[in-house]
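Here is a short briefing for a first look. Please keep the sequence and the structure in view as you read.

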Amino acid sequence: MSISLKRTICLFVVMLFVVNIPFLCMDSFSVDAASKKKVVFNANKGRVSKTVKYVKKGRTYGTLPTPKRSGYGFLGWFTRKSGGTKITSSTKVTTTKKRTLYAHWGKKLTVYFNANNGSVSTKKKTITRYKKYYTLPTPTREGYIFMGWYTKKSGGKVVTRSTIVKAKKSYTLYARWKEKIKVACVGASIVYGTGLSSRNTYSYPAQLQAKLGKYYNVNNYGASGTTVGLYTGKSYLDTSNFMTSYTMGADEIFILLGTNDTNKAFWRDFLSDTQTGDEEELIPFETMAKEYIRDYKVLLRLYERSAANSDINIMTLPDILDEERNGNKYYMELIPYLNEELENLAVNNGYGFIDANAAFKNQPSYYSYDGIHITSTGAKKLADLAKGKV
């Protein structure tokens, strides 16, 4: 075949292809146009910027316009003016005909938040009828747990973020509260947390709070250096901590108080008239313990008067490990006598009893460097013992 003939044939093929391109495109366009369906958006008393969209059967509707209407919230596009099926961007197109979608609306309302003796930062919120509340504020109230928002101050129905708004007009929601169980930890420096790196974290009341959780309100009423004794000049009853603990109306009271009552300086008035040489002869430890318990009973009666339904728990005193380390200021031997009286007082009168002394036996890690105050480990043990009584 000659070169000229080959060129003629190639030119013919090219011309044939070029001539048929318009017809091929027209066929493709006609098929594509036939598969697209018209969707009309009816704003239903509102307004919408885009009123028409074309979609394909079997595919999703894709992005849909958002209409607006003064005083109303948009609920979505539906297949009917009232009722019908909701259409979203992910809904598949099933119709083969033109379709009109209708905007549905919910009236905008104002909900007011009444903290009901608490406090709340958000006072009101705009919501839409037939929609969820979505977010609700969290109020606070000292000594109470927030139980939720209710439609009435007393009684009513609970409202959550997923509740559907059905009201026809603006209204008020009321905070509902449950009072925390009040716990008072009474004592001196051991309770206060003297010597701990952070008493707000490691003192036994703080650790007890962590163990009991949010439904409890544990208060540290430790007052360093104080005594049970009424005439020592350091009586716990003379402190503001006592007055606060007295007026709070505690549900649970834990008393760990008396280590300072073994201080020799507080017993000078109890020296006997009998002396041998230059040495002063003390009255028996049994008598000292009786004096201690007499004043302890005064403390108990006061707490019983302030909170008639409270549970009072008496805790024995941990031993003092080393008297010399503290300048021989304490009668270490007096502690067993005091603890015996404390146990008898608790058992014979129906008080709760916690033998902290027994729990601290042979546990040097519970004590700090001075052999009197306690470590965070010792405080944890006290918290465990107290938790067992709540």
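**Confidence**

The mean pLDDT of the protein chain is 89, and 87% of its residues reach 70 or more. pLDDT is the predictor's confidence in each residue, from 0 to 100. This is a predicted model: local features need pLDDT of at least 70, side-chain atom pairs count only at pLDDT 80 or more, and totals for chains, interfaces and linings use all residues. Residues are numbered from 1 along each chain as its sequence is written, and side-chain values use heavy atoms, leaving out hydrogens and water.

- Residues 10-14 have pLDDT below 50. Beyond near neighbours in sequence, this stretch has 0 contacts in the model (contact means heavy atoms within 4.5 Å).
- Residues 273-277 also have pLDDT below 50. That stretch has 3 contacts beyond near neighbours in sequence.
- Where pLDDT is low, the predicted coordinates should not be read in detail.

**Positive phi**

- Most residues other than glycine have a negative phi.
- Lys-45 is not a glycine, yet has a positive phi of about 80°. Lys-45 sits in the loop between β1 (36-42) and β2 (52-56); strands are DSSP runs (E, at least two residues), and helices are such runs too (H or I, at least four), numbered from the N terminus.
- Lys-45 is exposed, with a relative accessible area of 70% (buried is under 20%, exposed over 50%, partly exposed in between, with a 1.4 Å probe and protein chains only).
- Asn-362 has a positive phi near 60°. Its place is in the loop between α8 (356-360) and α9 (376-387).
- Asn-362 counts as exposed, at 75% relative accessibility.
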